[in-house]
Amino acid sequence: MKFYAVLKGRQPGIYTTWPACEEQVKGFPGAIYKAFSTKAQALAFVGDLLPDESSLLPLTSPIPTDTPPTPDDIHIWVDGSCLQNGNDLRFGWAYVILDGERERHRASGRDVPAKARRHRNVAGEIQAVLHALEWCREHGIAAATIYFDYQGLASWVEGTWKTTTAFTRAYAERVRDMGMTLTWHKVQAHSGAPYNELVDRLAREAARSVSENDKKV
């Protein structure tokens, strides 16, 4: 069975037959669509679309079966991006928070301190963790699993890696001071995990949205 993901068409979403997909893209200017062998890959491709047609599959994707359980069943996926445009570096971060298999919140941005820019992508990933945990704390969430693809995010907090810069040291201290119960789960980047691919895309989009004033900071 194939899954046809329509990113740009008459009615974006996921379709299970080519005729249904073709109806959305044929003759549509600049249509963007792609066929996938799994629903998870199609979900990652369409990202944050929310279809309302009964012919579309619901945009949800399962948590991996080896996910460590957490008391509140909260799962946070984070990523960061650093794009180079000539002499400019553009930064972005993103996170998605799930409650079980239901998406509860997502956010992205491009605020990265100037002193942290030497860390490239990692600077964005750190910002994603901090923003996500702040949101959780504001909403009474005391425990979560964090899915990440750079080991330092966990190791700096757990103390198994030394924090050699002021930025990483401040990050580790801030996460510990939040007093949350965290389970860290490393995933392989660009390995097809739907939410890893999603936050990667959202972070890159945030980085690309940097204005001229932002680049001069």
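**Contacts, sheets and rings**

Modeller: A polar contact of 3.0 Å joins the side chains of His 75 and Tyr 147. Please bear in mind that the model is a predicted one.

Colleague: Does His 75 count as buried or exposed?

Modeller: The relative accessibility of His 75 is 3%. A residue counts as buried under 20%. His 75 is therefore buried.

Colleague: How many bridges join β5 to β6?

Modeller: Strand β5 covers residues 88-99 and runs antiparallel to β6. The number of bridges joining the two strands is seven.

Colleague: Which residue takes a positive phi in the hairpin of β5 and β6?

Modeller: Two residues lie between the strands of this hairpin. A positive phi near 70 degrees is found there, and the residue is Gly 100.

Colleague: What is the strand order of the open sheet with three strands?

Modeller: The edges are held by β2 (13-15) and β3 (32-36); each has a single partner strand, so one side of each has no neighbour in the sheet. Neighbouring strands are turned by 20 degrees against each other on average, direction ignored. The pairing is antiparallel, and the order is β2-β1-β3.

Colleague: Which residue of β2 is the bridge partner of Ala 5?

Modeller: Strand β1, residues 3-8, pairs with β2 in the antiparallel sense over three bridges. In β2, the partner of Ala 5 is Ile 14.

Colleague: What angle does the direction of helix α2 make with that of β1?

Modeller: Helix α1 (residues 18-25) packs on the sheet and touches β1, β2 and β3, at about 10 degrees to the direction of β1. Helix α2 (residues 39-46) also packs on the sheet, touching β1, β2 and β3. Its direction makes with that of β1 an angle of about 0 degrees.

Colleague: How many disulfides does a search of the whole structure find?

Modeller: A disulfide requires two cysteine sulfur atoms within 2.5 Å. The search of the whole structure finds no such pair, and the count is zero.

Colleague: Is Cys 136 buried or exposed?

Modeller: Buried means under 20% relative accessible area. Cys 82, at 15% relative accessibility, counts as buried. For Cys 136 the relative accessible area is 0%, so this residue is buried.

Colleague: Why is the pair of Phe 148 and Trp 184 called edge-to-face?

Modeller: A search of the whole structure finds ten aromatic pairs. In this one the ring centres of Phe 148 and Trp 184 are 5.8 Å apart and the planes stand at 80 degrees. Planes over 60 degrees apart count as edge-to-face. The pair is edge-to-face because its angle is 80 degrees.

Colleague: How many residues apart are Phe 148 and Trp 184?

Modeller: Phe 148 is in strand β7 (residues 143-148) and Trp 184 in strand β8 (residues 181-186). Phe 148 is buried at 1% relative accessible area, and Trp 184 is buried at 15%. The pair links distant parts of the chain, with a separation of 36 residues.

Colleague: What are the distance and the angle for the rings of Tyr 150 and Trp 161?

Modeller: Tyr 150 lies in the loop between β7 and α4 (152-158), and Trp 161 in the loop between α4 and α5 (166-177). The pair is edge-to-face, with centres 5.9 Å apart and planes at 85 degrees.

Colleague: Which residues do ring pairs link into a cluster?

Modeller: Tyr 150 is partly exposed at 29% relative accessibility, and Trp 161 is partly exposed at 33%. The cluster linked by ring pairs consists of Tyr 150, Trp 156, Trp 161 and Tyr 171.

Key: Residues are numbered from 1 along each chain as its sequence is written. Side-chain values use heavy atoms; hydrogens and water are left out. Buried means under 20% relative accessible area, exposed over 50%, partly exposed in between (1.4 Å probe, protein chains only). Rings of Phe, Tyr and Trp (its six-membered ring) pair if their centres lie within 6.5 Å; planes under 30 degrees apart count as stacked, over 60 as edge-to-face and the rest as tilted. Helices (H or I, at least four residues) and strands (E, at least two) are DSSP runs, numbered from the N terminus. Two strands pair if DSSP finds at least two bridges between them. Axes are lines fitted to C-alpha atoms, for helices over the stretch in contact, and angles run from 0 to 180 degrees between N-to-C directions. Contact means heavy atoms within 4.5 Å. A polar contact is a pair of N or O atoms within 3.5 Å; within protein, one must be able to donate a hydrogen and the other to accept it, and residues adjacent in sequence count only if both atoms are side-chain atoms.
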